[in-house]
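User: Please examine the model shown below and answer a series of questions on its fold, its packing and selected residues.

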Amino acid sequence: IDTTDFFFFLVIRPLSDGYEVISELKETSSLVYECYAYADYSGMLECKIPRSENKKFNLWLDKLLKTWLDNALKKIKSTETADIGTADRWVISAQGWVETDLFTGELASGNIYLQSSWNKKTEKIPFIFDLDNGREIALQELFINEFRAVTWFEPVVRDMKKARDWKPETRKWIDSQEFNLVSLTEEGISFRTAFSNVFGEKEILIPYQTVEAYLKRKDLLKPKDRK
């Protein structure tokens, strides 16, 4: 799996009988995914992990996922083949994957999803990783010290949650959700719910421009939005 960003170049030349359009796509960055997989008669394990040129980010992800991978593999291997019939082949399974919402030369952010047939809930781990310094960072570190991120965003997200026109069957579930899983996207700061097998996940997105005056990381702003 290869996720790639492109630079788009466009030239339009007027001609006597119309226009000639010349375009060029140039690769600016790429993110390759590796898949760790295991299967035997009773179970299957699959985990998709992004691989970048940043070795510290790769190592951090490996360490974060190692315990889950080891436990899942142990669980699958401990299931006795004699305990299941042919119809129940691969009766147990585990899947893990990383969804990257943002990947620049300075920051990587997204969510890690871990689920298995022996656990009813999907574990979800948001992250913001400073690629320059090789470490995970908190939301507060994106802002100046005087700006208290948690205190500021909490009531804003709560009010946006109440104001949103959710479907009636979703509203009761939404009311019990905190929207406290935070990641960065190209457009803004994402506050998501936990994952539900019934409702999926919901998001409230706050554009960077809303808090531009407090941002310490101006690289999050698009060039046209920077003052």
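User: In what order do the elements of the protein chain run from the N terminus on?
Analyst: Helices (H or I, at least four residues) and strands (E, at least two) are DSSP runs, numbered from the N terminus. The protein chain holds three helices and 10 strands. From the N terminus on, their order is β-β-β-α-β-β-β-β-α-α-β-β-β.

User: What average pLDDT does the protein chain have?
Analyst: This is a predicted model, in which local features need pLDDT of at least 70 and side-chain atom pairs count only at pLDDT 80 or more, while totals for chains, interfaces and linings use all residues. Residues are numbered from 1 along each chain as its sequence is written, and side-chain values use heavy atoms, with hydrogens and water left out. The pLDDT is the predictor's confidence in each residue, from 0 to 100. In the protein chain, 81% of the residues score at least 70, and the average is 86.

User: Is Thr-122 buried or exposed?
Analyst: Thr-122 is found in strand E6 (residues 119-130). Buried means under 20% relative accessible area, exposed over 50%, and partly exposed in between (1.4 Å probe, protein chains only). Because its relative accessibility is 11%, Thr-122 counts as buried.

User: Which side chain is joined to that of Thr-122 by a polar contact of 3.0 Å?
Analyst: Leaving aside neighbours within four places in sequence, Thr-122 is in contact with Tyr-113, Leu-114, Gln-115, Phe-195 and Asn-197. A polar contact is a pair of N or O atoms within 3.5 Å; within protein, one must be able to donate a hydrogen and the other to accept it, and residues adjacent in sequence count only if both atoms are side-chain atoms. The side chain joined to Thr-122 in this way, at 3.0 Å, is that of Gln-115.

User: How many aromatic pairs are found in the whole structure, and what is the angle between the planes of Trp-60 and Phe-129?
Analyst: Rings of Phe, Tyr and Trp (its six-membered ring) pair if their centres lie within 6.5 Å; planes under 30 degrees apart count as stacked, over 60 as edge-to-face and the rest as tilted. The whole structure contains 16 aromatic pairs. Trp-60 in helix H1 (residues 55-77) and Phe-129 in strand E6 are 69 residues apart. Their rings form a tilted pair, 5.1 Å centre to centre, with an angle between the planes of 40°.

Methods
Contact = heavy atoms within 4.5 Å.
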